[in-house]
Amino acid sequence: MLDRFHDIDDKLADLEGRLSDPSLINNQQEYQKVVKEHSHLSRLSELIRSYKDIEQQIEGNRTLLQDDEEDPELRELAELELEELTAKMKELENDIQVFLLPKDPNDDKNIFLEIRAGTGGDEAALFVGDLFRMYSRYAESMNWRVEIMSSSPLGIGGFKEIIAMISGDMVYSKLKFESGVHRVQRVPETEAQGRIHTSAVTVAILPEADEVEVDIDMNELKIDVYRSSGPGGQSVNTTDSAVRITHLPTGLVVICQDEKSQHKNKAKALTVLRARLLDQLEQEQHDQISQDRKSQVGSGDRSERIRTYNFPQGRLTDHRINLTLYKLEAIMDGKLDEVVVPLAVCDQEEKLKSIQ
């Protein structure tokens, strides 16, 4: 298993030499790339050293057990230790295999979180607000930053749509499986008969796109400015600060009106558009490679119902991995790791099956 890693120490030494080169620091993009590669190989080197150490211990115990004149008590201890070491070796083998799985190039990126009301009218709009609070509280617990890019608030307290940028460490890796239809079952405050209503909202997680990844031709954009609508104060509602950008080749439309400045709204709209274009390209690639679909949690289709939030029973169900938790209140308060971690583990297991 370890034959292909015989030159890992040489590679690490080479990377350490590059990191000490003053000229590399002047090229921050290349510097960050080398830092990530060095960190990745350092962790792999640690796993391999642990594996080799256990391998030597196992060999030592087997040698001891082959000695017929060895003390019986010592032989019994060696047998017990051999059993424990073998289990540890299997764990390390799995850890190394997981570590070597192809990395999602978007995992360390910031994201755009888009939540839109679907079926259910006002109740769906209210649930958009509830989900946004849930993700915001989870982001706070992870020391991530949340910035609203665009929103369409309703007087009842919810949103027809809200788009936010979440930035921080490995955001996409944690939230990439949240895309899809989220269904809510609860009794609306306006329901006099106490009947449970079912509503739905759609969630989209888009990795932030670098300018080098998506080149936008400004000649292919139609940019309209107009007066903002809805709550926002006098300066927002009385000046032409809202911006609508239409990408003519694809028909994608992005609207930003939350900022007082037209310039800031335009800049925000362009970043959202760039992310949507990157997402569209990646969706097209995924559609062409059916094997990739099989190695993912769910199909990645945003029309897929992925989760149900049942408030009367305090139950959350993720339909992709048959996960049911009776901790809905805590999850809605931002304790989302109990959902996102099992999804990531399941994804790893599926990918391991596909290469074994």
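## A first look

The protein chain exposes about 20,100 Å², and carbon and sulfur atoms supply 47% of that area. Keep in mind that this is a predicted model. Of the chain's 356 residues, 40% count as buried. You'll find 11 helices and 11 strands in it. If you look at contacts with a separation of 6 or more, 59% of them are between residues 24 or more positions apart.

## The eight-stranded sheet

Let's start with the strands. Eight of them form an open sheet, in the order E2-E3-E1-E5-E4-E9-E10-E11, with mixed pairing. E2 and E11 are the edge strands, each pairing on one side only. Going from one strand to the next, the twist averages 15°.

At the E2 end, E2 and E3 pair in the antiparallel sense over eight bridges. Here Pro153 stands opposite Phe159 in E3.

Further along sits strand E9, residues 305-310. Five of its six residues are buried, so E9 is largely enclosed by the rest of the structure. On one pairing, five bridges join E9 to strand E4 (residues 180-186), and the two run parallel. Val184 stands opposite Tyr309 in E9. On another, four bridges join E9 to strand E10 (residues 315-318), this time antiparallel. Thr308 has Thr317 in E10 as its bridge partner. The hairpin of E9 and E10 has four residues between the strands, and Gly314 takes a positive phi near 60° there.

Asn310 also belongs to strand E9. Is Asn310 buried or exposed? With a relative accessible area of 7%, it is buried, because the cut-off for that is under 20%. Leaving aside neighbours within four places in sequence, Asn310 is in contact with Gln185, Arg315 and Leu328.

## A helix across the sheet

Helix H5 lies across E1, E2, E3, E4, E5 and E9, and runs at about 155° to E1. How does its length work out? At 1.5 Å a residue, the 20 residues of H5 should span 28 Å, and its end C-alpha atoms are 29 Å apart, which agrees.

Just after H5 comes Asn143, with a positive phi of about 60°. Asn143 sits in the loop between H5 and strand E2 (145-153). Another non-glycine residue with a positive phi, of about 55°, is Met170. Met170 lies in the loop between E3 and H6. Asn143 is exposed, with a relative accessible area of 71%, while Met170 is partly exposed at 32%.

## What packs inside

Now for the nonpolar residues. The largest nonpolar core has 36 residues, and those with the most contacts inside it are Leu113, Ile115, Leu131, Tyr135, Leu175 and Leu336. Several elements each supply at least two residues of this core, including strand E1 (111-117), helix H5 (122-141), strand E5 (197-207) and helix H11 (337-355). H5 gives the largest share, nine residues.

Which residues does Leu175 touch, not counting those up to four places away in sequence? They are Ile111, Tyr135, Tyr138, Trp144, Ile166, Ile205, Leu336 and Val340.

There is also a second, separate core of 22 residues, which includes Met149, Ile163, Leu252 and Leu277.

## The three-stranded sheet

Three strands form another open sheet, in the order E6-E7-E8, and the pairing is antiparallel. Its edge strands are E6 (221-226) and E8 (252-256), each pairing on one side only. Neighbouring strands in this sheet are turned by 15° against each other on average, direction ignored. E6 and strand E7 (residues 242-247) pair over six bridges. Val225 stands opposite Val243 in E7.

Here are some strand pairs from both sheets side by side:

| Strand pair | Bridges | Sense |
|---|---|---|
| E2 and E3 | eight bridges | antiparallel |
| E4 and E9 | five bridges | parallel |
| E9 and E10 | four bridges | antiparallel |
| E6 and E7 | six bridges | antiparallel |

Conventions. Residues numbered from 1 in each chain as written. Predicted model: local features only at pLDDT ≥ 70, side-chain atom pairs only at ≥ 80, totals over all residues. Heavy atoms only, no water. Core = buried A, V, L, I, M, F, W, Y, C linked by side-chain atoms within 4.5 Å. Buried < 20%, exposed > 50% of the residue type's maximum accessible area, 1.4 Å probe, protein only. Contact = heavy atoms within 4.5 Å. Pairing = 2+ DSSP bridges. Areas by Shrake-Rupley, 256 points an atom, 1.4 Å probe, with all protein chains shown as cover. Expected span 1.5 Å × (residues − 1). Axes fitted to C-alpha atoms, helices over the stretch in contact; angles between N-to-C directions.
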